[in-house]
Amino acid sequence: MRRLKPWVFAACLIPLGLLLWRGFTGGLTANPIEYITHRTGDWTLRFLLIALAITPLRRMTGWSGLAQFRRMLGLFAFFYATLHFSTYLVLDFFFAFDLILDDIVERRYVTAGFTGFVLLIPLALTSSQRMIRRLGGERWRRLHRLVYAAATAGVVHYLWLVKLDIRPPMVYAAILAVLLGVRLWFRFARARPGVTSGVDSSGGVPVDADPVR
Amino acid sequence: MLIKQAPDIRSSEITDERLYRNRRQFIQAASGAAMGAVAGATVLGQYGGALQAQEPIPNLQKSPFSTDEALNSYEDITTYNNFYEFGMDKGDPARYADEMTIAPWSVRVEGEMNKPAADVDIDDILRPHTLEERIYRLRCVEAWSMVVPWVGFPLGDLIKRFEPTSKANFVKFTTLYRPEEMRGQRSRTMEWPYVEGLRMDEALNPLAIIAVGVYGKTLLNQQGPPLRLVVPWKYGFKSIKSIAKIEFVEEQPRNSWNVSIPNEYGFYSNVNPEVDHPRWSQARHRPIGAFFRVPTLMFNGYADQVASLYDGMDLVRNY
């Protein structure tokens with residue numbers, strides 16, 4: 001089980017590898033900055049959704065080994081979000097902070113995307129075992145519920161920027177709705193007397209905490 | 001398609017371009033094969049659409065309206081397209097437009113005109129006109145731009161042949177509707193067929209052209225052959241492709257993007273850095289092939305030729 005982890009780690013780097021490959025072979029289309037921005041954005045949302053799927057999957061399958069991937073997947077979401085934001089900051093606007101500020105304030109899709117990115121920062125910073133211990137399980141757990149807001153902001157960001165066809169962002173929205181809905185359902189199921197649920201409903205730090213470290 | 005040929009044939013200036021394109025194609029084909037072997041990834045074949053044979057158009061007249069800015073590469077111009085009849089991705093037209101047949105082709109011309117309504121064969125449309133090269137800036141509403149060496153002739157010259165009457169206040173253009181060949185038309189992303197329009201004085205402005213080629217060659221399918229409009233002072237979507245019908249009408253037609261999202265796209269759609277798209281700024285744009293964004297110019301830099309068309313008009317309300 002633990003042996004899987006390096007493979008998953010490597011797999012998470014494939015999207016970046018493909019981008020680099022395309023960069024070296026001239027495959028980034030006529031508008032490379034847009035292409036890089038879109039792909040890193042896609043993968044940010046995908047990793048967020050995959051990370052958010054871990055806990056529900058674990059509870060449904062009872063496969064507790066899944067939990068060890070959650071932090072890594074969440075950090076990869078942040079990794080691609082950072083690439084996405086860096087592309088915007090450096091390649092797109094080249095540190096023109098006045099224009100960026102205008103953009104964030106005036107374009108609602110940028111506002112949403114930036115909000116999502118900012119929300120992810122404290123989660124990435126507190127992802128270490130040491131920070132979990134320092135914050136204490138309950139506080140850490142509450143803080144990390146921000147990921148629901150971050151993912152929602154990310155999907156809204158996508159929804160607001162498309163020119164015409166909202167079907168692709170709606171796919172992300174639907175998956176996110178299911179993942180958040182499942183959590184609500186778990187919570188109410190546990191709240192009902194007579195229904196036992198072996199694990200903590202809100203994501204359970206002790207169970208999820210990486211046993212390796 | 002009949003393309004008028006003048007007697008002396010000059011050597012084309014775009015030989016380098018062709019070499020460049022071949023090299024790029026080779027690199028992409030090679031990298032595609034390598035990647036396929038390595039990963040079998042699904043993202044491959046981005047530009048797998050074959051480029052069809054094209055007819056060269058020799059001896060083009062130069063035009064004083066041409067810009068001397070650096071041209072975008074043929075590859076950029078033919079692989080980064082918006083032609084929603086073939087899909088929403090910029091690469092979709094290059095991938096799927098070869099499913100469209102463009103011969104035979106005729107254009108239905110009707111409406112408020114003295115000449116009788118008719119289906120005019122493409123050769124009859126082209127015969128009287130002298131083709132010239134018009135190197136124009138193209139500014140997309142999505143805030144990117146290209147410089148394209150179009151081949152075409154003034155739209156006004158075509159319009160005058162049909163003798164529109166005084167009731168012809170607008171010219172309405174309609175793209176081919178053929179869902180069996182245009183896969184994007186099979187989904188209801190927009191109302192098909194695509195419709196665009198110009199006010200008559202806009203249509204008669206010498207900058208407005210009907211294009212039949214690019215880089216001295218006839219248009220590839222993804223560029224909207226055999227006839228397309230080019231109105232360089234307006235956002236790119238006004239330059240309707242693969243025109244199947246031209247009508248002279250009294251009332252302002254509703255163009256497709258206006259029908260789809262009325263608060264974001266108007267009839268006029270003049271390039272205007274001071275009037276933002278509701279969701280993004282139009283003050284700056286990125287030229288394809290350049291690193292930095294540059295300021296967008298009023299009427300895409302064609303104010304000297306067209307600003308007078310809009311004297312006294314509120315361009316914020318008439319976006």
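1. Helix α10 of chain A covers residues 167-191. Its 25 residues reach 36 Å from the first C-alpha to the last, close to the 36 Å expected at 1.5 Å a residue; the expected span is 1.5 Å times one less than the number of residues. Helices here are DSSP runs of H or I with at least four residues, strands are runs of E with at least two, and both are numbered from the N terminus. The model is predicted: local features need pLDDT of at least 70 and side-chain atom pairs count only at pLDDT 80 or more, while totals for chains, interfaces and linings use all residues. Residues are numbered from 1 along each chain as its sequence is written, and chains are lettered from A and ligands numbered from 1 in the order in which they are written.

2. Buried residues in α10(A) are A:Tyr172, A:Leu176, A:Leu179 and A:Phe186. A residue is called buried if 20 or more other C-beta atoms lie within 10 Å of its own, exposed if 12 or fewer do, and partly exposed in between, with C-beta atoms placed from the backbone. The packing partners of the buried residues of α10(A) are α3 (32-61) and α9 (146-161) of chain A.

3. Chain A as a whole has 11 helices and 0 strands. Of its 213 residues, 32% count as buried. Taking contacts in chain A between residues at least 6 apart in sequence, 67% join residues at least 24 apart; a contact requires C-beta atoms, placed from the backbone, within 7 Å.

4. Helix α6 of chain A has 18 residues and spans 27 Å between its first and last C-alpha, close to the 26 Å expected at 1.5 Å a residue. In α6(A), the buried residues are A:Val110, A:Ala112, A:Gly113, A:Gly116, A:Phe117, A:Leu120 and A:Leu123. They cover an arc of only 160° around the axis, which puts them on the same side of α6(A); the arc is that of the directions from the helix axis to the C-beta atoms. An α-helix has 3.6 residues a turn, so residues three or four places apart point the same way. The cover over the buried residues of α6(A) includes α4 (70-92), α5 (97-106), α8 (137-144) and α9 of chain A.

5. A:Leu19 belongs to helix α2 (residues 14-25) of chain A. Why does A:Leu19 count as buried? Because 20 other C-beta atoms lie within 10 Å of A:Leu19. Leaving aside residues up to four places away in sequence, A:Leu19 touches A:Ile36 and A:Arg39. A:Met131 is 112 residues from A:Leu19 along the chain, and their C-alpha atoms are separated by 33 Å.

6. The contact between the chains takes 18 residues from chain A and 24 residues from chain B. On the chain A side, the elements that give two or more residues are α2, α6 (108-125) and α9. The largest share of that side, 3 residues, comes from α2(A). By class, the side of chain A that touches chain B has 9 nonpolar, 5 polar and 4 charged residues. For this count, Ala, Val, Leu, Ile, Met, Phe, Trp, Tyr, Cys and Pro are nonpolar, Asp, Glu, Lys and Arg are charged, and the others, Gly among them, are polar.

7. Chain B has 8 helices and 12 strands. Buried residues make up 44% of its 319 residues. For contacts in chain B with a separation of 6 or more, residues 24 or more positions apart account for 72%.

8. In chain B, an open sheet of 5 strands has the order β2-β1-β10-β5-β6, with mixed pairing; strands pair if DSSP finds at least two bridges between them. β2 (118-121) and β6 of chain B stand at the edges with a single partner strand each, so one side of each is left without a neighbour in the sheet. The twist averages 20° from one strand to the next, using axes that are lines fitted to C-alpha atoms (for helices, over the stretch in contact) and angles from 0 to 180 degrees between N-to-C directions.

9. Strand β5 of chain B (residues 170-175) is mostly covered, with 6 of its 6 residues buried. B:Phe170, B:Lys172 and B:Thr174 lie on one side, and B:Val171, B:Phe173 and B:Thr175 on the other. β5(B) runs antiparallel to β6 (residues 195-199) of chain B, joined by 5 bridges, and antiparallel to β10 (residues 243-249) of chain B, joined by 6 bridges. B:Val171 has B:Leu198 of β6(B) as its bridge partner, B:Phe173 stands opposite B:Glu196 in β6(B), and B:Phe170 is partnered by B:Val249 in β10(B).

Notes:
Contact = placed C-beta atoms within 7 Å.
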